[in-house]
Amino acid sequence: MAKKAGVVEIQGKDYELVASRIAKFRSEHPDWTIHTELISNEDKVLFKCTILNGEQIISTGHAEEIPGTTHINKTSALENCETSAVGRALSLAGYAGNYNPTKEEVEAARANALLLLDTLEKRQITDLKRE
């Protein structure tokens, strides 16, 4: 069965990407606001996201990332953290999709994907050396 757009499988469970949930949220609530706030960008990155209907807080989400600890955080810890905070706030506002993985589950899935890519790249290099 084909996956719907914006949904990926992580550890055997469907996960709707944050970008897809933002698009759905914007379509259904064009007057509501997604407000992000950088709390810290020192030893670790901390973000807070608040979803508002005018002045009324609908939900908040927080995220923390440590630069350099994962493949994505080597170059994009700030962006990754902000997206995670937005995803958590959207989940609490009812835009969670079918599955809301923990940070650890997402990192494990990323690590598995990177390992697979590394393995494929090594095979390609070996194949090229044989030619």
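A word on the ground rules comes before the tour. The model is predicted, so local features need pLDDT of at least 70 and side-chain atom pairs count only at pLDDT 80 or more, while totals for chains, interfaces and linings use all residues. Residues are numbered from 1 along each chain as its sequence is written, and side-chain values use heavy atoms, with hydrogens and water left out.

Let's start with the sheet. Here 3 strands form an open sheet in the order β3-β4-β5, with antiparallel pairing. The edge strands are β3 and β5, each of which pairs on one side only. On average, neighbouring strands of this sheet are turned by 15° against each other, direction ignored. Helix α2 packs on the sheet, where it touches β3, β4 and β5, and its direction makes about 150° with that of β5. Some terms need spelling out: helices (H or I, at least four residues) and strands (E, at least two) are DSSP runs, numbered from the N terminus. Two strands pair if DSSP finds at least two bridges between them. Axes are lines fitted to C-alpha atoms, for helices over the stretch in contact, and angles run from 0 to 180 degrees between N-to-C directions. Contact means heavy atoms within 4.5 Å.

Now follow β3 into β4. Strand β3 covers residues 33–41 and strand β4 residues 45–53, and the two pair in the antiparallel sense over 8 bridges. A hairpin of 3 residues joins β3 to β4. Along this pairing, Ile34 stands opposite Ile51 in β4, and Leu38 has Phe47 of β4 as its bridge partner. In a regular strand the side chains alternate between the two faces of the sheet.

Leaving aside neighbours within four places in sequence, His62 is in contact with Phe47, Lys48, Ala85 and Arg88. The C-alpha atoms of His62 and Leu46, 16 residues apart along the chain, are separated by 7.3 Å. Glu65 also belongs to β5, which spans residues 56–65. Glu65 counts as buried because its relative accessibility is 3%. The Glu65 side chain makes a polar contact with the side chain of Asn73 at 2.7 Å. Such a contact is a pair of N or O atoms within 3.5 Å; within protein, one must be able to donate a hydrogen and the other to accept it, and residues adjacent in sequence count only if both atoms are side-chain atoms.

Next come the aromatic rings. Rings of Phe, Tyr and Trp (its six-membered ring) pair if their centres lie within 6.5 Å; planes under 30 degrees apart count as stacked, over 60 as edge-to-face and the rest as tilted. By this rule there are 2 aromatic pairs. The rings of Phe25 and Tyr95 have centres 5.6 Å apart and planes at 85°, so this pair is edge-to-face. The pair links distant parts of the chain, 70 residues apart: Phe25 lies in helix α1 (residues 18–28) and Tyr95 in the loop between α2 (73–92) and α3 (103–130). Phe25 is buried at 0% relative accessibility, and Tyr95 is buried at 9%. Ring pairs join Phe25, Trp32 and Tyr95 into a cluster.

Finally, the cysteines. With a disulfide taken as a pair of cysteine sulfur atoms within 2.5 Å, the count is 0 disulfides. Cys49 is buried with a relative accessible area of 0%, and Cys81 is buried with a relative accessible area of 0%.

Conventions. Buried < 20%, exposed > 50% of the residue type's maximum accessible area, 1.4 Å probe, protein only.
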